[in-house]
Amino acid sequence: MHQVLILCSLLFALNRMSNLAPQPELSGGEGLDGSTMIVGLNPALQKRFILDSNLVPGNVHRAQRLEQGIGGKGQDGAVALSCLLDSRDGKSSMSPFLLAQFVGSGSDGDTLMNLLQKQVPFSVQDSYLTVRTRTKLRICTTIVASDSATELVEPSGLVEADEMKQLLNHVNFLASSSSSCGKYSSTLRSFCVMGSMPPGCPIHTYADLAKLAVGQETIILIDAVVGLQPLIEELAKIRTKTAILKVNLSELCHLAMDNTLIKNDKDSPTSCSPEKHVFAVVNSFLRKHKHARDALSHIAITNGKEDSFLVSIKRSKNHDDPSNIFLAEPDVCIWKIPVPRLPENTLFFPIGAGDTVSAALLVSLMHLKGNDPMFCLKEKIRRAINSVVSSYDLSLGGEVACALSFGLSCASASCLQTENSVFDVDDALILFLNMAKPSMLLH
């Protein structure tokens with residue numbers, strides 16, 4: 001009996017060591033130079049039950065078919081990127097591309113990795129920033145009925161301290177391997193934080209990753225609310241030139257911590273005519289988060305199928321001055337950006353649309369800023385973006401407004417496909433080239 005216990009202990013120890021074994025370096029040892037990093041710490045295996053009828057609570061429904069796919073905000077963002085990027089011989093010209101993620105153990109985790117390899121091959125061309133955890137991968141289930149889509153999300157498994165340390169050590173290794181290593185001198189081209197964190201991740205995880213990997217020239221996109229305050233404080237120290245917070249209007253109201261702005265009534269910012277409330281919501285948010293003005297250059301605010309907004313923030317010269325508030329600044333501007341309209345009486349699949357906005361916004365902005373020598377958008381996308389942006393006032397945040405417009409077009413196109421964040425580029429371009437031009441509400 002004693003020998004059996006010893007053997008079991010040895011097997012358990014070996015299993016822990018295999019999970020934490022060092023992973024191979026990036027090919028060529030590039031470190032972070034020229035890379036784009038998407039932080040998607042909470043992936044999932046997506047299952048879709050497709051019904052041929054309406055969903056009736058309490059009834060038994062037999063699925064017409066069952067589909068499996070990629071889930072998780074960061075992973076959905078990677079899927080959207082795969083639709084946008086040019087490719088040669090099946091390999092994306094976006095290289096290196098880094099996807100930081102915790103993928104659960106077991107067959108579901110293996111299935112997700114295989115799906116990523118097939119659908120987004122450049123996201124796992126090396127698995128250096130993929131940490132396989134000892135807990136199982138969560139499953140997200142979408143019930144797609146004739147009249148609606150309902151999402152059921154399993155709780156995430158615990159990330160243990162040694163697994164968190166492994167990810168931070170790997171990012172630190174890549175940062176120290178970069179040609180411009182040193183405090184705030186990383187040449188990471190863009191850094192995109194997407195979604196929630198699984199249990200076990202400290203609230204300052206995103207801030208820790210930014211401290212290791214982000215430089216002043218790095219383009220930042222934040223599509224997350226968990227861990228936002230520590231991340232904002234870290235970015236304020238780095239003083240990044242372009243940092244965009246992308247949230248929906250309801251999330252921004254909660255971040256502003258103003259209950260009068262959260263009520264869902266006719267005078268609520270979540271109503272169908274929210275423009276008169278956007279000023280108050282943004283002002284309240286900037287008052288509550290005193291480092292936001294130093295950390296963020298823009299706030300992109302989505303509102304479902306209703307109009308979106310883009311706020312260009314003037315960086316404060318003296319963030320300790322309590323009188324230095326949002327509405328007092330004369331050259332802050334807010335763009336109202338219409339959402340492309342899809343055909344009526346069409347079954348939509350909206351899961352992953354918000355993640356598509358983020359991915360398309362990021363890469364189109366990198367293109368407009370000339371910050372994409374390591375990869376390129378498809379030629380027809382570049383031509384369309386260049387044509388549209390020529391009519392924008394670039395001195396007032398027009399580049400970002402154009403990029404957000406393109407992101408909304410891609411998101412609308414993704415609602416026509418069953419798979420998360422998958423879309424036909426031609427559908428997106430038709431919507432983009434025919435959408436109403438954004439209007440400026442305040443400058």
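Predicted model: local features only at pLDDT ≥ 70, side-chain atom pairs only at ≥ 80, totals over all residues.
Residues are numbered from 1 along each chain as its sequence is written, and side-chain values use heavy atoms, leaving out hydrogens and water. Local features need pLDDT of at least 70 and side-chain atom pairs count only at pLDDT 80 or more, while totals for chains, interfaces and linings use all residues.

The structure holds 3 aromatic pairs (rings of Phe, Tyr and Trp, the last by its six-membered ring, with centres within 6.5 Å; planes under 30 degrees apart are stacked, over 60 edge-to-face and the rest tilted). One of them joins Phe406 and Phe432: the ring centres are 5.3 Å apart and the planes stand at 80°, so this pair is edge-to-face. Because Phe406 belongs to helix 13 (residues 398–414) and Phe432 to helix 14 (residues 425–434), the pair ties together parts 26 residues apart in sequence; helices here are DSSP runs of H or I with at least four residues, and strands are runs of E with at least two, numbered from the N terminus.

Both partners are buried (under 20% relative accessible area, with exposed over 50% and partly exposed in between; 1.4 Å probe, protein chains only), Phe406 at 1% and Phe432 at 2%. Helix 13 also carries Ser409, which is buried at 0% relative accessibility. Leaving aside residues up to four places away in sequence, Ser409 touches Pro340, Ala428, Leu431, Phe432 and Met435 (contact means heavy atoms within 4.5 Å).

Elsewhere, Val225 sits in the loop between strand 11 (219–223) and helix 6 (228–238). At 34% relative accessibility, Val225 is partly exposed.
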